[in-house]
Amino acid sequence: MSGLVEVARGAWPESDGDVEPPVLAGFVMSSFSPLVAEVARRCLTRAHGQPPVAAERGLRTAVIISSATGDAATAAEVARAVDGGRRLGPLLFFQAVPNAVAGYVAARWELGGPVVSLSPGGGADPVAESLAEGMAMASLLIRDGDADEALIVVAEQALTDGERDRALAVLVRDSAVNRPKE
C-alpha cells in the first residue's frame, strides 16, 4: 500500500460562528456527540453532497472515532449522579459509548464498513495524537481489505475554562487503489 490520501475534511471550529454544535436528537447534556456528527457532516458533505453516500462507496467506508478524553461531559455527569445516589436517564447510558454517535453517522450516511472507537494516550496535542491513531487504524482496515475508505473523526471537548471544543473529520482512501468513481 502506497499510503492514504485525503478525500475531504471538516473541522470544529471553522469560523468564529462555531460556538455550539447543532443539537443532535437523542444526545443530551454534552457537546461530544453533536460535535462528532457535525464535523462528520461537514466532511462527508464536501465529499458526497447530501446523504446517503452512493452504495458502491458507502458500503465499504469505515467510521473511526478517536478521542483521548472521550465524552468527558457525560462521564462527569454520570459520576455526579452515582456519587449523589441519583438514577441515570437511559440516554446517558446510550451516549456514554462513542460507538453510539459513530452508529448514528454510519446510519445517516449509509456507511457499511467497520465502526471503531479509539482512545489514544493524549499527549501534548490530543487532537494530533488522536488523528495519528485514527490514520493508523484506517490504514490497517484498508490494507486488510475491510474497507476502501475511512472516515476518521477526532473530538476533544474543552476541559478548562477558556478552551474550546475541537474536532476534525477526515475521509481517506488508499492512494494507489480504490479510487472513487467520478
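Me: Where is Thr-61 placed?
Reply: Thr-61 sits in strand β2, residues 61-66. Helices (H or I, at least four residues) and strands (E, at least two) are DSSP runs, numbered from the N terminus. This is a predicted model, in which local features need pLDDT of at least 70 and side-chain atom pairs count only at pLDDT 80 or more, while totals for chains, interfaces and linings use all residues. Residues are numbered from 1 along each chain as its sequence is written, and side-chain values use heavy atoms, with hydrogens and water left out.

Me: Is Thr-61 buried or exposed?
Reply: Thr-61 counts as buried because its relative accessibility is 2%. Buried means under 20% relative accessible area, exposed over 50%, and partly exposed in between (1.4 Å probe, protein chains only).

Me: What does the side chain of Thr-61 reach?
Reply: The backbone oxygen of Arg-57, at 2.8 Å.

Me: And which residues is Thr-61 in contact with, leaving aside neighbours within four places in sequence?
Reply: Thr-61 is in contact with Leu-111, Gly-112, Gly-113, Glu-149, Ala-150, Leu-151 and Leu-171. Contact means heavy atoms within 4.5 Å.

Me: Pockets next. What volume does the largest pocket have?
Reply: The largest pocket has a volume of about 230 Å³. A pocket here is an open set of points on a 1 Å grid over the protein atoms alone, where a 1.4 Å probe fits, with protein on both sides within 12 Å along at least five of seven lines; lining residues have an atom within 4 Å of a point. Grid points are joined across faces, edges and corners, and a volume is the space filled by probe spheres set on the points.

Me: Which lining residues are closest to the centre of the largest pocket?
Reply: Of the 14 lining residues, the closest to the centre are Ala-37, Glu-38, Arg-41, Tyr-104 and Arg-108. The elements giving two or more residues to this lining are α1 (32-48) and α5 (98-109).

Me: Which element gives the most to that lining?
Reply: α1, with 5 residues. The lining as a whole divides into 9 nonpolar, 2 polar and 3 charged residues. Ala, Val, Leu, Ile, Met, Phe, Trp, Tyr, Cys and Pro count as nonpolar, Asp, Glu, Lys and Arg as charged, and the others, Gly among them, as polar.

Me: Why is α1 described as largely enclosed?
Reply: Because 12 of its 17 residues are buried, α1 is largely enclosed by the rest of the structure. Among the buried ones are Phe-32, Ala-37, Glu-38, Ala-40 and Arg-42.

Me: How far does α1 reach?
Reply: From first C-alpha to last, α1 reaches 24 Å, close to the 24 Å expected at 1.5 Å a residue. The expected span is 1.5 Å times one less than the number of residues. After α1 comes Gly-49, with a positive phi near 80°.

Me: Over to α5. What does Val-105 touch?
Reply: Not counting residues up to four places away in sequence, Val-105 touches Ala-37, Ala-40, Leu-44, Leu-111 and Leu-151. Val-105 is in helix α5 and is buried, with a relative accessible area of 3%. Val-105 and Ala-40 are 65 residues apart in sequence and 7.2 Å apart in space, C-alpha to C-alpha.

Technical notes. A polar contact is a pair of N or O atoms within 3.5 Å; within protein, one must be able to donate a hydrogen and the other to accept it, and residues adjacent in sequence count only if both atoms are side-chain atoms.
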